[in-house]
Amino acid sequence: PKLNVALCGLGNYARMLAEGLQASQYCRLAGVVTGHADKAAAWQQQYQLPPQNIYNYNNFDGIAHNPNIDVVYIVLPNFLHKPFTIRAAQAGKHVITEKPMATTAADCEAMIAACNKAGVQLAVGYRMHFEPTQQEIMRLGQQKAFGPVRYLEAGLGYKTYNLADANDMVDINDDTQWRLHKTKAGGGPLMDLGVYCVQAARYVLGEEPVAVTAQFGPVHHAQRFTQVEESITWQMQFPGGAAANCTSSYGFNIDKLYASADDGYFELSPALSHGPFTGKTSAGILNIPPINQQASQLDAMAQYIINKQPMPAHINGSEGLRDIRIIEAIYKAAQTGGVVKLV
Ligand code: NAD
């Protein structure tokens, strides 16, 4: 039997998840939650969804009475992850929410508490944990294949505008531009893309950072970046002595990971985007065939739910909370210019 998943929020990434659900062994797309009647109709037709499994944001709580939905997968703008996670939990549904888990650590805590209270599982859409190239660099780092990693670089950024284009102005209150809106996104590229760098440093080293420093980058498009940073660079110190230098940006392109260990190195580029990921180590080329990342993530998470096993710590709410705490420390370090310690 397959788990019945309802996608909540039908934007760009929901499309990729719908493809993943089509390819999945243990899940199926069973319903949708959307504020747009036209999208509801289009998805209903494309995926042959029963009309009783189509919800909008007002009647969503009625999903509590629908035995044909097991999991709500939240793919909304970041600030809506919390209210919809809590509503889904209160409706008795397991929850998968997209990264970043929420816009504040306090919100993450409220989400974890709501899911615990309702007795439902909570997972964060950390697809990299189920991707074979990332799993290989986790192994190389954590098992010290080239000795202990001493230094790590991770960067993920996209050039999101063209200054030469006079029409390239945005209204940050436009719903499609929520990523530029502080209260909706929680922050800029650090929240959206930097979370992958934080994850990569943590999963290569298998350690938690103890202190961070950070610097905001220059703003080249002042109209666009009134609320969130355009670029940010930060450093993380790890208890074993390793240092990580990371960057994320909406103003320039970067997608790389480099780890220097005592007896060698490993690197990926593309490293942290959607892949396919390629790279090399001091021992040779890293060439692992790509997979459907959404399907493999969904299948792994579904099996924990089906088998009534707790979601493991590296993909559950506590992991999402850890990353948001680190991100909050990085913002504090960039604002104060000082070192921020993590306990
Ligand atoms: P998007 O803007 O394409 O889609 C957001 C959807 O939310 C839209 O359909 C929009 O109509 C809907 N929405 C409902 N209420 C809204 C409101 N008040 N304001 C704005 N939109 C509203 O965004 P996306 O790229 O699909 O990102 C959605 C989530 O998925 C984000 O949390 C993002 O970080 C995450 N994401 C994850 C990955 C990944 O690889 N895991 C990739 C992309 C995005």
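These legends walk you through a few close-up views of a predicted model. Residues are numbered from 1 along each chain as its sequence is written. Because the model is predicted, local features need pLDDT of at least 70 and side-chain atom pairs count only at pLDDT 80 or more, while totals for chains, interfaces and linings use all residues.

**View 1. An open sheet of 6 strands.** The order is β3-β2-β1-β4-β5-β6, with parallel pairing. Strands (E, at least two residues) and helices (H or I, at least four) are DSSP runs numbered from the N terminus, and two strands pair if DSSP finds at least two bridges between them. β3 (54–55) and β6 (122–124) are the edges; each has a single partner strand, so one side of each is left without a neighbour in the sheet.

**View 2. The pairing of β1 and β2.** Here β1 (residues 3–8) meets β2 (residues 27–33) in the parallel sense, over 6 bridges. Look for Leu3, whose bridge partner in β2 is Cys27.

View 3. Domain bounds come from an automatic or database domain assignment, which gives domain 1 (3–127) and domain 2 (132–288 + 315–341). Their C-alpha centres lie 26 Å apart. In contact (C-beta atoms, placed from the backbone, within 7 Å) are 19 residues of domain 1 with 19 residues of domain 2. On the domain 1 side, α4 (105–118) and β6 each supply at least two residues, and α4 gives the most, with 6 residues.

Conventions
Two residues are in contact if their C-beta atoms, placed from the backbone, lie within 7 Å.
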